[in-house]
Amino acid sequence: MALNARLDHRNPLVFDTHELGRRPGALQRLTRTIDAPVDLGIQGVIGVPEGAPVELELRLESVMEGVLVTGTARASAKGECVRCLEPLEQVLEADFQEMFSYPDADDRGRPKAEPVDDAEDDEDTLFLEDGLFDLEPVLRDAVVLALPMQPVCQDDCLGLCSECGVRLTDDPDHHHDAVDIRWAALQGLAGSLEDGEKDELSGAEPGVDEKQEK
C-alpha cells in the first residue's frame with residue numbers, strides 16, 4: 001500500500017505517535033469516542049449508522065519495524081432481519097491488530113540504505129506518515145468481519161408466510177388450507193365453461209333458435 005497522502009491530525013481516526021517515540025517496547029493506551037464514518041459495515045445489510053458513537057480502546061506499542069496497534073471498537077449496529085424483514089439492532093464489538101511501519105526502515109527496523117520500489121511487498125503494508133497513522137481502513141475491515149452476513153432478529157425467527165406475508169413468529173399457528181392443484185385446475189376449468197355458457201345465452205338474439213327450427 002502506498003504511503004498515506006497528507007494525513008490530517010484533526011481527523012478523529014488519525015492518531016499521533018510522537019509521544020510514544022521510537023524506542024522498542026514503549027507503550028501507550030488511548031481511548032476515544034468518534035462519530036461513525038459513512039458506510040461503516042456491510043452496505044445494504046447491517047452497519048453502524050453514520051454519526052453514531054463508536055468507542056475505541058487502543059494499545060500502541062513501539063517495535064523496531066514501526067507501531068503495533070491493538071484495539072477494540074464498540075458500537076450499535078442496525079439492519080434488517082433477513083427472515084422477517086423487521087428492523088434490528090445489535091451490539092457490535094470488533095477487535096483488530098495492525099502494524100503501521102516506518103517508511104524509512106526495513107523489515108528488521110534498520111534504516112534503508114536506498115529506497116526500493118517493490119510494489120508487491122508494499123501492497124498490504126500500512127505506513128506511518130510523519131508519526132501519524134489512519135485507523136479508518138483497519139476499523140472498516142474489523143467491523144465487516146465482526147458483523148453477520150445474514151442478520152436475524154432472533155435465532156429462532158420463523159420468517160414470513162410465503163402466501164400472505166404475515167410474520168410467523170407473531171402467529172406460530174398460522175396456516176392456510178392446502179388445496180390439491182389438480183382439483184383447483186379442474187374447478188377453474190369448470191368455472192370458465194360456466195361463464196362461457198352464460199355469455200352465449202346472454203348474447204343470443206330472441207327468436208334465433210325458432211328461425212333455425214323452421
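Arg 140 and Glu 136 sit four residues apart in helix H2 (residues 136-146), so about one helical turn separates them. Helices here are DSSP runs of H or I with at least four residues, strands are E runs of at least two, and both are numbered from the N terminus. The two side chains form a salt bridge, with their closest N and O atoms 3.0 Å apart. That term stands for a side-chain nitrogen of Lys or Arg within 4 Å of a carboxyl oxygen of Asp or Glu. Arg 140 is partly exposed at 22% relative accessibility, and Glu 136 is partly exposed at 21%. Elsewhere, salt bridges with shared partners link Glu 57, Arg 74 and Glu 93 into one network.

Residues are numbered from 1 along each chain as its sequence is written, and side-chain values use heavy atoms, leaving out hydrogens and water.

The predictor's confidence in each residue, pLDDT, runs from 0 to 100. The chain averages 82, and 70% of the residues score at least 70. Where pLDDT is low, the predicted coordinates should not be read in detail.

**Salt bridges**

The count comes to five salt bridges.

| Arg 10 | Asp 8 | 3.1 Å |

Accessibility is sorted with a 1.4 Å probe on protein chains only: buried is under 20% relative accessible area, exposed is over 50%, and partly exposed lies in between. Arg 59 is partly exposed at 27%, and so is Glu 61 at 21%.

A nonpolar core is a set of buried Ala, Val, Leu, Ile, Met, Phe, Trp, Tyr and Cys residues joined through side-chain atoms within 4.5 Å. The largest one has 38 residues, of which Val 48, Val 54, Leu 56, Val 69 and Leu 135 touch the most other members. Elements that each supply at least two residues of this core include S5, strand S6 (66-80), strand S7 (87-101) and H2. Setting aside residues up to four places away in sequence, Val 48 touches several residues, among them Leu 40, Val 54, Ala 75 and Leu 92; contact means heavy atoms within 4.5 Å.

Two strands pair if DSSP finds at least two bridges between them. S6 and S7 pair in the antiparallel sense over 15 bridges, and Ala 75 stands opposite Leu 92 in S7. Their hairpin has six residues between the strands, and Leu 85 there takes a positive phi near 70 degrees. S7 also runs parallel to strand S8 (residues 126-127), joined by two bridges, with Phe 100 opposite Leu 126 in S8.

**Cysteines**

How many disulfides are there? The count is zero, with a disulfide taken as a pair of cysteine sulfur atoms within 2.5 Å. For Cys 153, the nearest cysteine sulfur is that of Cys 84, 3.7 Å away. Cys 153 is partly exposed at 29% relative accessibility. For Cys 157, the nearest is the sulfur of Cys 153, 3.7 Å away, and Cys 157 is buried at 5%.

Methods:
This is a predicted model: local features need pLDDT of at least 70, side-chain atom pairs count only at pLDDT 80 or more; totals for chains, interfaces and linings use all residues.
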